[in-house]
Amino acid sequence: MDEILNATRHVNQLLKESKEYKRFIFARNQLRANADLYERLKSMKNRYKDVQAYWDGNPYDEIYRICQENDELLHNSVVNEYLRAESAFSRLIRNMVDEVTAGFHIDFE
């Protein structure tokens with residue numbers, strides 16, 4: 001067990017040293033430096049998550065409406081860079097989790 005935890009700590013450190021994480025942290029700090037942009041994006045993302053979680057049926061029209069209402073925000077260079085950096089880092093994490101869990105099948109039958 002200690003070997004696995006040590007390896008996990010090492011992976012954690014590698015993630016923190018990755019260009020994706022560093023870009024994400026830089027972009028997040030740039031976004032947070034502008035309180036108005038930060039609050040507007042936070043509000044939009046919360047609405048988006050609510051639609052994804054609680055909308056009955058196909059949420060496409062509502063998500064499209066949210067994006068249209070926030071078009072100017074989404075095209076702001078600071079917001080756009082943050083969203084791209086967030087996406088890249090999330091993709092790195094997803095790929096890492098996929099690799100770590102490859103081949104495991106837990107059935108609850």
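**Largest pocket and overall fold**

Six residues of the lining of the largest pocket come from α3, which gives the most of any element. The model is predicted. Elements that give two or more residues to this lining are α2 (19-32), α3 (35-54) and α6 (77-101).

The space in the largest pocket is about 170 Å³. Its lining is made up of F24, R28, L31, R32, Y38, L41, K42, K45, N46, K49, Y82 and E86. Sorted by class, six of the lining residues are charged, five are nonpolar and one is polar.

Along the principal axes, the C-alpha atoms fill a box of roughly 50 × 40 × 15 Å.

Of the 109 residues, 20% count as buried, where buried means under 20% relative accessible area. The accessible surface of the chain is about 8,700 Å², and carbon and sulfur atoms hold 52% of that surface. Among contacts with a separation of 6 or more, 62% are between residues 24 or more positions apart.

How values were computed:
Residues numbered from 1 in each chain as written. Predicted model: local features only at pLDDT ≥ 70, side-chain atom pairs only at ≥ 80, totals over all residues. Heavy atoms only, no water. 1 Å grid on protein atoms, 1.4 Å probe; cavity = no way out; pocket = protein on both sides within 12 Å on 5 of 7 lines; lining within 4 Å. Points joined across faces, edges and corners; volume = space filled by probe spheres on them. Helix = DSSP H or I, 4+ residues; strand = E, 2+ residues; numbered from the N terminus. Nonpolar A, V, L, I, M, F, W, Y, C, P; charged D, E, K, R; others polar. Buried < 20%, exposed > 50% of the residue type's maximum accessible area, 1.4 Å probe, protein only. Contact = heavy atoms within 4.5 Å. Areas by Shrake-Rupley, 256 points an atom, 1.4 Å probe, with all protein chains shown as cover.
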